Amino acid sequence: MKKIVYMDAAASWLKNQSVIETEGDFLTNSYANAGRGVCERASNVDKMIDNVRHQVADFIGAGSSNIVFTSGATDGLNRVVGIIQNTLGLENKKLIVAVSDLDHHSARMPWEYLAGQGKCELVVCPLDENLNIDIDNIPICDIFVITAMSNVLGVPQNVEKIIRIARKKNPNVITIVDAAQFVVYENIDVSQMDCDFLCFSGHKIGADTGVGVMFIKNPDNFNPDKFGGGMVNRIIDSENWILNKSPEKFEAGTLPLTQIVGLGQAIRQLHDNHAYLHLIGYMYDELSKIPGIEILTQRDACILSFVVKGMHVLDFGTMIGVRDVCVRVGNMCASWIHKKLGQDGSIRISVGPWNTMADAEYVIKTIRNMVK
Ligand SMILES: Cc1ncc(COP(=O)(O)O)c(C=O)c1O
């Protein structure tokens, strides 16, 4: 297989062989549906899914009934909107929803859409001079969408403090944390954070695509957004249903079982050692010396984003791509921060434990040759 330098970890993490083998083994030897059958094989799958749920719960400091499997961060962030809508009935309330320019399209667009329909009012929480959420100017709001780490800037936000301040201003505020990037680099303890909802994708932490996690702090206080098999205990008549408790209440339909089993293995082999991030510092220093390159991120950020004067980011992406380097170019589904930076898009380098100093030197040499 052709060797490429993959520096697009923030788009999707490369898969550890053990995750691939775990999924293969499950499909070959253990596969059955979950929450449906009573035979030994089906019961074993129930146990496997339950084990991963407990593992995810431990991973973010939650209880297992607070962990709902989704198909990814986008799915979770959209589902939170549906859950809130089905519970509060947004139509007549005109709730104030705070968003910020750090947001990914997946976190903010569902609310922008509802605001466009007149079902809520959006306020944009300001950023400070370092482009972090401005903790001195947190707006009073009913719902607060907090991007814990921008996928363009790569700086962890002090989510705990932000939520504490938001709750001082409105004790009933519903806080929604987009942890899609944050989860890769920072330990999460939802009880410390005190968030109401938190979402992330499996594929960014080494699991497969098609699986994600939605944490709900108070599942009994919310109505489901999806209806179907597995979430209802009994239908008495057309108006009276007895719903299952969380998490089943929020998991209508067959779950992505194989991917959930893979997620368990991905979490098992995740580690806190982010030593590979020193490559970002090295590349930051080297890129800073190349005339025409404007770096948009800080040296100690988890991500390195930049633009090249006079070169469209898509041209850059194509040119470096044919030189066997994978990086992300474009608006990164984060239009608002690019607008704030005065850019249409950028080039993003993000690394993982598979990257070496030789990779970083090759990328720098390649860029130097491309922009001279
Ligand atoms: C900050 C952030 N939020 C949400 C998402 C959406 O994740 P997914 O595409 O896995 O649903 C991403 C993906 O890049 C992201 O970086």
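View 1. L102 is found in the loop that joins β3 (95-100) to α4 (105-116), where helices (H or I, at least four residues) and strands (E, at least two) are DSSP runs numbered from the N terminus. This is a predicted model, in which local features need pLDDT of at least 70 and side-chain atom pairs count only at pLDDT 80 or more, while totals for chains, interfaces and linings use all residues. Residues are numbered from 1 along each chain as its sequence is written, and side-chain values use heavy atoms, with hydrogens and water left out. L102 counts as buried because its relative accessible area is 1%; buried means under 20%, exposed over 50% and partly exposed in between, with a 1.4 Å probe and protein chains only.

View 2. The shell (residues with a heavy atom within 4 Å of the ligand) consists of A73, T74, H104, S106, M149, N151, D178, A180, Q181, S201, H203 and K204. It divides into 3 nonpolar, 7 polar and 2 charged residues, where Ala, Val, Leu, Ile, Met, Phe, Trp, Tyr, Cys and Pro count as nonpolar, Asp, Glu, Lys and Arg as charged, and the others, Gly among them, as polar. A polar side-chain atom of S201 lies 2.6 Å from an oxygen atom of the ligand. For Q181, a side-chain N or O atom is 2.7 Å from a ligand oxygen, and for H203 the distance from a side-chain N or O atom to a ligand oxygen is 2.7 Å. Taken alone the ligand exposes 390 Å², of which the protein buries 86%; accessible areas come from the Shrake-Rupley method with a 1.4 Å probe, and for residues only the protein chains shown count as cover.

View 3. F227 is found in the loop between β8 (212-216) and β9 (232-237) and is partly exposed, because its relative accessibility is 48%.

View 4. Most residues other than glycine have a negative phi, and most peptide bonds are trans. L131, which is not a glycine, has a positive phi of about 65°; L131 lies in the loop between β4 (120-125) and β5 (143-147) and counts as buried because its relative accessibility is 17%. D194 has a positive phi near 65°, lies in the loop between α7 (190-193) and β7 (197-201), and is partly exposed because its relative accessible area is 28%. S246 and P247 are joined by a cis peptide bond with omega of about 10°, and P247 is placed in the loop between β10 (240-243) and α8 (257-268).

**View 5. M283 in helix α9.** M283 is placed in helix α9, residues 278-288, and is buried because its relative accessible area is 0%. M283 and M193 are 90 residues apart in sequence and 33 Å apart in space, C-alpha to C-alpha.

Note on methods. Polar contact = N/O pair within 3.5 Å; in protein donor to acceptor, adjacent residues only side chain to side chain.
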